[in-house]
Amino acid sequence: MTEELSPPAIFATLDDEYARDILVATNTDRLSAKELSEECDMSRPTASRRVNTLVEQGLLEEYTHVDPAGRHYQEYEARLERIEVLLQDEGFDIQIDVRPDPADRITSIFENMRGD
């Protein structure tokens, strides 16, 4: 994931119908690239390319799923919660809210337990 969210890059990504469909589909469920291609009616290569872009931009979180047979594959869940664009005298004020990174949440829990 990139350190800072880039509004122009995110707006360009959200201009793509497939990327928007992936975010909507993964808003409530973790889905694999195969499931996304079926759910969003796109080819697997298209789903994979869009997923890679969304993960790089920090809008989608990637998880490794291990099934009972020991096979593993990636699943994805949306992190994007809200984008707010306000027109002001000085220009645009853009706020992009994403769910916290799971690793940051775990670190925060341990820090709170220790009293840091």
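Mentor: Burial is read from relative accessible area: buried means under 20%, exposed over 50%, partly exposed in between (1.4 Å probe, protein chains only). Glu61 counts as buried, because its relative accessibility is 16%. The model is predicted, so local features need pLDDT of at least 70 and side-chain atom pairs pLDDT 80 or more, while totals for chains, interfaces and linings use all residues. Residues are numbered from 1 along each chain as its sequence is written, and side-chain values use heavy atoms, leaving out hydrogens and water.

Trainee: Where is Glu61 found?

Mentor: Glu61 lies in strand 2 (residues 60-66); strands (E, at least two residues) are DSSP runs, numbered from the N terminus. Its C-alpha atom is separated by 8.3 Å from that of Glu75, 14 residues apart along the chain.

Trainee: How many salt bridges does the structure hold?

Mentor: Side chains of opposite charge can pair when their charged atoms come close. The criterion is a side-chain nitrogen of Lys or Arg within 4 Å of a carboxyl oxygen of Asp or Glu. The structure holds seven salt bridges. One of them joins Arg71 and Asp67, with the closest N and O atoms 3.2 Å apart. Arg71 counts as exposed at 55% relative accessibility, and Asp67 as buried at 14%.

Trainee: Which residues are linked in a network of salt bridges?

Mentor: Arg82, Glu84 and Asp97 are. The closest N and O atoms are 3.9 Å apart for Glu84 and Arg82, and 2.8 Å for Asp97 and Arg82. The latter pair links strand 5 (residues 91-98), which holds Asp97, to strand 4 (residues 80-88), which holds Arg82.

Note on methods. Helix = DSSP H or I, 4+ residues; strand = E, 2+ residues; numbered from the N terminus.
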